[in-house]
Amino acid sequence: MLKIEKREYQNKTFRLPLSLVERLNRLAQEKNISVNQLVVILCEYGLENLDSDDT
């Protein structure tokens, strides 16, 4: 059976360097996903791959 999970979201505002925003925009466009989706993917990846000394 197909199971569709609905995620809850919360709006946050972050200040990012312009060069980073431009890179995120380009990559999101190349991957045909939204910048928001890309940021979520990258944040989750970063958190899952932190060194144990960094947590």
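Predicted model: local features only at pLDDT ≥ 70, side-chain atom pairs only at ≥ 80, totals over all residues.
Helices here are DSSP runs of H or I that span at least four residues, and they are numbered from the N terminus.

Helix α1 covers residues 18-31, and Leu20 is one of the residues that lie in it. Together with Phe14 and Leu16, Leu20 makes a nonpolar surface patch of about 310 Å². The relative accessibility of Leu20 is 32%, and Leu20 therefore counts as partly exposed, given that this class lies between the limits of 20% and 50%. Leu24 is also found in helix α1, but with a relative accessible area of 10% Leu24 is buried, since buried means under 20%.

Leu24 and Val35 are eleven residues apart along the chain, and their C-alpha atoms are separated by 6.5 Å. Leu20 and Asp51, by contrast, are 31 residues apart in sequence, with a C-alpha to C-alpha distance of 23 Å.

**The loop between α1 and α2**

Asn32 has its place in the loop between α1 and α2. Its phi angle is near 55 degrees, which is a positive value in a residue other than glycine. With a relative accessible area of 70%, Asn32 is exposed, as the class begins over 50%.

**The largest pocket**

The largest pocket holds about 540 Å³ of space. It is lined by 14 residues, of which Lys12, Phe14, Asn36, Val39 and Val40 are the closest to its centre. Helix α2, which spans residues 35-48, gives the largest share of the lining, namely six residues. Sorted by class, the lining consists of nine nonpolar, four polar and one charged residues.

**The salt bridge**

Side chains of opposite charge can pair when their charged atoms come close. In this model the count of salt bridges comes to one, and the pair is formed by the side chains of Arg7 and Glu44, with a distance of 2.6 Å from N to O.

The relative accessible areas of the residues discussed are collected below.

| Residue | Relative accessible area | Class |
|---|---|---|
| Leu20 | 32% | partly exposed |
| Leu24 | 10% | buried |
| Asn32 | 70% | exposed |

Definitions and conventions: Residues numbered from 1 in each chain as written. Heavy atoms only, no water. Patch = residues over 30% accessible without salt bridge, like charges linked within 9 Å, V, L, I, M, F, W, Y side chains within 5 Å. Areas by Shrake-Rupley, 256 points an atom, 1.4 Å probe, with all protein chains shown as cover. Salt bridge = Lys/Arg side-chain N within 4 Å of Asp/Glu carboxyl O. Helix = DSSP H or I, 4+ residues; strand = E, 2+ residues; numbered from the N terminus. Buried < 20%, exposed > 50% of the residue type's maximum accessible area, 1.4 Å probe, protein only. 1 Å grid on protein atoms, 1.4 Å probe; cavity = no way out; pocket = protein on both sides within 12 Å on 5 of 7 lines; lining within 4 Å. Points joined across faces, edges and corners; volume = space filled by probe spheres on them. Nonpolar A, V, L, I, M, F, W, Y, C, P; charged D, E, K, R; others polar.
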